[in-house]
Amino acid sequence: SLRFASTWNSVPAGGVTEAFNKDTNPLKMSLGVGAYRDDKGKPYVLNCVKKAEKIVFEQNLNKEYLPITGLAEFQKLSAELAFGKDSGPLNAGQIVTCQSLSGTGALRIGGQFLSRFFPGTKKIYVPNPTWGNHHAIFKDSGLETGLYRYFDKKTNGLDISGMIEDLKSFPAGSIILLHACAHNPTGVDPTPDQWADISSVCKSKGHFIFFDMAYQGFASGDATRDAFALRHFVERDGHQVMLAQSFAKNLGLYGERIGNFSLITDSASEAARVASQVKIVVRPMYSNPPSTGARIVKEILSNEQLRSEWHTEVAGMAKRIHAMRSALRNGLAQHGSKHNWEHITSQIGMFCYTGISPEQVGRLAKEFSIYLTKDGRISIAGINPGNVDYLAKSLHEVTK
Ligand code: PMP
């Protein structure tokens, strides 16, 4: 039947991974993946996760459904991790939470909630560029996406004046999506002072903020430091934000699909009313969330020893990423590159937005079997001591 033929065209063709898999060059590199790899290029399961899994297994729990909004202890610990234990709205019972299918699921709950209840607009402004799925998630939630300036191609850094100008020019009471830390795909974050300015402007315009926090702890190696922007907006300027949290990267729980959705309301009584609306949003989408990931995270965040082991491990991942950034930059210099590659080390998180053209991306694939997305984004996680020199040499060749 041709009934669904028109939708086939909109599915993106396999692309990077497929081409990588077919390539027989032993030096081939896959730099498109959005998942952490260790020094040998292998997926990494955290020790704290293995220990928590064992504890959970030994508890011999049943497989009953969780409530619609998930595992309550998990939600509480998750919100504390993000907002801070001493958060005003948290302790006043103003924050509604709901366990989600990782960060994507939290974004979708938020998108759906906003499209149903946000007064006056169906538009959400996202940074240019942003994680591609944001556009699809919000579109499917019944919202339209708009863009604000973010990345400056000339400096490979933040276009802070363009961003502020745009935030000022949007209608009062607009919805703004912000990446809380380790912006994907650019790896460019505002400084604390710039965050303070962004918060003030949004406050004075009455904008509503939706924070996407997919990399807490993974960005700097310090979960508190990575929560700076979120906590500043909430505690200093009183923004009643919405938040999407993911435990995919910072705990390496990708396939467990574990995340958390939060929304700050005006009062505990409004929180109760909003919570019931959140349930009405969730119930027809998937009824209730899976239990395993929530149990693992709960175990780690509530057990002091596991929690401290997690801090050490997440800092180790961040450190390895940073070391690979430095090695790549040094390698480029050693091979004689005259370009300014400072942004490789100043950008943060899993990704580096190299600034190379689609043609240069094409040459890297064709001549050197190095695969990345067309926008020139490198997943630093795919780099290790064994392949960084080959990458530096090849990158230099295509940018001469
Ligand atoms: N937001 C951003 C900015 C991301 O980069 C990602 C992961 N690529 C996510 C959200 C969500 O990922 P997940 O659904 O796996 O938690």
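Of the 13 residues around the ligand, S102, G103, T104, N184 and S246 come nearest (near here means a C-beta atom, placed from the backbone, within 6 Å of the molecule). Helix α6, residues 102-117, gives the most to this shell, with three residues. Sorted by class, the shell holds four nonpolar, eight polar and one charged residues (Ala, Val, Leu, Ile, Met, Phe, Trp, Tyr, Cys and Pro are nonpolar, Asp, Glu, Lys and Arg charged, and the others, Gly among them, polar).

A word on the model itself: it is predicted, with local features needing pLDDT of at least 70 and side-chain atom pairs counting only at pLDDT 80 or more, while totals for chains, interfaces and linings use all residues. Residue numbers start from 1 along each chain as its sequence is written.

As for the overall fold, the chain has 17 helices and 13 strands (DSSP runs numbered from the N terminus: H or I of at least four residues for helices, E of at least two for strands). The C-alpha trace spans about 65 × 55 × 55 Å along its principal axes.

Helix α9 (residues 192-205) packs against helix α11 (residues 228-236) at an angle of about 40 degrees, their axes lying 10 Å apart (axes are lines fitted to C-alpha atoms over the stretch in contact, and angles between N-to-C directions run from 0 to 180 degrees). On the α9 side, P192, W195, A196 and S199 make the contact, meeting F228, A229, H232 and F233 of α11 (contact means C-beta atoms, placed from the backbone, within 7 Å). These contact residues divide into six nonpolar, two polar and no charged.

Notes
Contact = placed C-beta atoms within 7 Å.
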